[in-house]
Amino acid sequence: MSQYTQSPQPQQPYAPAQPPGGQPARNGLGVAALVLGIIGTVSGLVPLLFWLAGILGVIALILGLAARGRAKRGEATNKGVATFGAVLGLVSLILSVVGAVLTYKAVDDVVKDINKEVAGSSASAKPGAATDGAAKDTADDKAADGTAEDAPDDEAVSLDEADTAVYDDGLEVTVGPASAYTPDQFASGHTKGNSAYKVTVVLENKGKEKFDASLATVDARAGKDGVNAEQIFDGKVGEGFSGTVLPGKKITAQFAFDAPADAKNLTVEVSPGIEWDADQWDLKL
């Protein structure tokens, strides 16, 4: 009896699972949702690209939800990819809203700073008290010719010693009279043969917000030619202002300046900061 051996039949290659009906899987929406979601999320992390993140986020969310619907109906096999794409689309939308809010706030702050820089905070003159009545007479003269409180905001006003510059936000600056000063042996800014004068400056905050005194600057010019009076620094004067001044409080600092020996006056200019106009005091030596 002869035996016959049957040769093995060749195996068919593995075929991926297909949705019912034999139609190929429609995974394009899920892949597109994932790609757009990734790009949208990255765009949301970049300043000024919040608008792009919003657009891509909306599209990714819609495509992701549509792809999930296909997967539930058996028309697609990438339900996880579609879900991840929809989630990234939602994240992109959230980042776009946050970016829009931050951008709006930043632009608003810049506009406010520019407006403050352009407008500034103007000051009016407030005469200081004087024992001999000289300051009062000077104030009356200023009031008569319209250079005191009635002066226009954009008109420069030269103040006298002990006069106060009153700003519209409640800040007041007072410069006292110039008195002779003897710098110590370690002083800088003093030239041999010149004279030195000390000036007291008071900043009083009568407004409603705290004032940053560290931004205030004090400069001076001497004589009829307006020669720059170099500031003197030693162990007693020259530290200037520092810190903040709360509403209702004041801060005082002393400054010394080097002036030619024949100078008859010292013009002191005080600038409270970039948001305030600088004012000048004409002090007799």
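This is a predicted model: local features need pLDDT of at least 70, side-chain atom pairs count only at pLDDT 80 or more; totals for chains, interfaces and linings use all residues.
## About the model

Local features need pLDDT of at least 70 and side-chain atom pairs count only at pLDDT 80 or more, while totals for chains, interfaces and linings use all residues. Residues are numbered from 1 along each chain as its sequence is written, and side-chain values use heavy atoms, with hydrogens and water left out.

## Two aromatic pairs

Searching the whole structure turns up two aromatic pairs. Rings of Phe, Tyr and Trp (its six-membered ring) pair if their centres lie within 6.5 Å; planes under 30 degrees apart count as stacked, over 60 as edge-to-face and the rest as tilted.

Strands here are DSSP runs (E, at least two residues), numbered from the N terminus. F211 is buried at 4% relative accessibility, and W276 is buried at 16%; buried means under 20% relative accessible area, with a 1.4 Å probe and protein chains only.

F241 and F255 form a tilted pair, 5.7 Å centre to centre with 55° between the planes. You will find F241 in the loop between β10 (231-232) and β11 (244-245), and F255 in strand β12 (residues 250-259), 14 residues apart. Both are buried.

## A glutamate and its lysine partner

E172 belongs to strand β4 (residues 171-175) and is buried, with a relative accessible area of 10%. Its side chain joins that of K206 through a polar contact of 3.4 Å. Such a contact is a pair of N or O atoms within 3.5 Å; within protein, one must be able to donate a hydrogen and the other to accept it, and residues adjacent in sequence count only if both atoms are side-chain atoms.

Technical notes. Buried means under 20% relative accessible area, exposed over 50%, partly exposed in between (1.4 Å probe, protein chains only). Helices (H or I, at least four residues) and strands (E, at least two) are DSSP runs, numbered from the N terminus.
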